[in-house]
Amino acid sequence: MRKRGLGRVLVVDDEPGIRETLSGVLEDEGYLVDSVESGEDCIEALAVRTFAVVLLDIWLPGIDGLETLERIGSVEGPRRPVVVMISGHGSIESAVRATKLGAHDFLEKPLSVEKVILAVRNAVDHRKLLTQSESLREELRARHRIIGDSVPMKAVRQQIKLMAPTNGRVLIFGESGTGKELVAHAIHEASPRAESRFVVVNCAAIPEHGIESELFGHAAGALPGAEKAKTGKFQLADGGTLLLDEVGDMSLKTQAKVLRVVEEQRFEPVGSGRTVQVDVRVIAATNKNLDEEISKGNFREDLFYRLNVVPFHVPPLRDRVEDIPMLAQHFLDQFATAYGRKPKRLLNSAVDTLVSQSWPGNVRELKNLMERIVILHSASDISARHVPVAQSSGRRGRWPARGFSSLKEARQAYEREYVERTLKATNGNVTRAAEALGIERSNLHRKLKALGIRTGAPRE
């Protein structure tokens, strides 16, 4: 019995003898094979069935092989096959055009059985690599997806959409744990540099004596114990994006060297005596007030202006508490999958407890808490008793410190503040505020009256 499961191949040739021969050879190798005689039939076959490889003759009646190849290029995602072109009158021009249109290989008639088998085998392997690569990319996109439908997060996504396609340098401000690296990664993924590397340097975690080597690399023997040459992060990010995380913790000496690289896009690895030219988009992030650091003499003003082409503010979790339920459930799902636990869902009592806390550690603190819940509790339904309540003393959040007399009072206070914040974000435009809140404009007017919020003459 012939082994199956190697993949399905479509043979497209107007000569019956060639279709029959290729089908027999490939079936003997274990492939599932269909065959058609024209480009039109090929497109129809691809519409109803997924093929790993298409063996496509250039000279066909009706639309020729090159036009058929061009149409195959419009097939979406994992359904797109790898194409091997066949020609009895091969020319360099045809081969070049076929390659530009996406052909993986090019075979000339008369066909060698061994070459056909090898070409199909290589094409199947290539498609597997493409599928795995796309799967990893989708996994990466999911891991770096920005969660939240609050007004501040909608603004964040809109700003990413505007700045990502450019090469403008970005300086991201935000408290620790707000997701500055996540935003930087989203900018990279939405940019023309997405196919190149995204490299991160944590400036606060590298000792002063080692940061130049980390950023610019070094030659063999340039440093004590450095027997081998090292490639720096700027060079690793060539063609892509470099995130200088916690840039406010960088020494003045290193700042001076980074300033030059940002301006000139070239540098010398430590001890090398040679210049390396790069093309890197620099994104910087900090949890410090750089204006204060400049006034104290801790940060170079000229570097600040070079990095701060596009300022970007990531809101703390306390300013987007409406996103907490969605974020918490996302992390529960993520860790339940990672630890092989059964799915969990948040009950309303748990949501109320989470929303009432202040989250000085921001999204990172919430993520850590959800991981702890998944590890410690086997229950599928997560209620308030599973959520540890933080003490209000010494906390920066506003909700626990208010001392509400009831959950209803706390909810009303939160709703009032949320609506007021939305109105402020929309510059008092009631129609836009209603859209952001996901309610009808007439309902918002009634809610404003019920919550005692005065807007003057509503702007539409």
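Q: In this predicted model, which residues do ring pairs link into a cluster?
A: Look at the phenylalanines here, in a predicted model. Ring pairs tie three of them into a cluster, and the members are F216, F234 and F267.

Q: How many aromatic pairs does the structure hold, and is the pair of F216 and F267 stacked, edge-to-face or tilted?
A: The structure holds five aromatic pairs. For F216 and F267, the ring centres sit 5.6 Å apart and the planes make an angle of 35°. Stacked needs planes under 30 degrees apart and edge-to-face needs over 60, so the pair of F216 and F267 is tilted.

Q: How many residues apart are F216 and F267, the two members of a pair that links distant parts of the chain?
A: F216 belongs to helix α8 (residues 211–216), while F267 belongs to strand β11 (residues 266–267). Both F216 and F267 are buried.

Q: What kind of aromatic pair do F304 and Y305 form?
A: F304 counts as buried, with 8% relative accessibility. Its ring and that of Y305 lie 5.4 Å apart, centre to centre, with 65° between the planes. An angle over 60 degrees puts a pair in one particular class, so F304 and Y305 are edge-to-face.

Q: Is E246 buried or exposed?
A: E246 has a positive phi of about 50°, although it isn't a glycine. You'll find E246 in the loop between β10 (241–245) and α10 (252–264). Its relative accessible area is 11%, and the cut-off for the buried class is under 20%, so E246 is buried.

Q: What is the relative accessible area of N362, a residue with a positive phi although it is not a glycine?
A: The phi of N362 is about 60°, and its place is in helix α15 (residues 362–376). N362 counts as buried, and its relative accessible area is 0%.

Q: Which backbone oxygen does the side chain of N362 reach at 2.9 Å?
A: The N362 side chain also makes a polar contact with the side chain of E175, at 3.2 Å. The backbone oxygen reached at 2.9 Å is that of S176.

Q: Which residues form a nonpolar patch on the surface with about 290 Å² of accessible area together?
A: One member, L376, lies in helix α15. L376 is exposed, with a relative accessible area of 59%. The whole patch is Y339, I375 and L376.

Q: Within what arc do the buried residues of helix α17 fall, seen down its axis?
A: In helix α17 (residues 430–437), the buried residues are V430, A433, A434, A436 and L437. An α-helix has 3.6 residues a turn, so residues three or four places apart point the same way. The buried residues of α17 line one face of the helix, because they fall within an arc of 160°.

Q: Which residue caps the N-terminal end of α17?
A: The cap involves a side-chain oxygen that lies 3.1 Å from the backbone nitrogen of T431. That oxygen belongs to N429.

Conventions. Residues numbered from 1 in each chain as written. Predicted model: local features only at pLDDT ≥ 70, side-chain atom pairs only at ≥ 80, totals over all residues. Heavy atoms only, no water. Helix = DSSP H or I, 4+ residues; strand = E, 2+ residues; numbered from the N terminus. Buried < 20%, exposed > 50% of the residue type's maximum accessible area, 1.4 Å probe, protein only. Phe/Tyr/Trp six-rings, centres within 6.5 Å; stacked < 30°, edge-to-face > 60°. Patch = residues over 30% accessible without salt bridge, like charges linked within 9 Å, V, L, I, M, F, W, Y side chains within 5 Å. Areas by Shrake-Rupley, 256 points an atom, 1.4 Å probe, with all protein chains shown as cover. Salt bridge = Lys/Arg side-chain N within 4 Å of Asp/Glu carboxyl O. Arc of directions from axis to C-beta. Polar contact = N/O pair within 3.5 Å; in protein donor to acceptor, adjacent residues only side chain to side chain.
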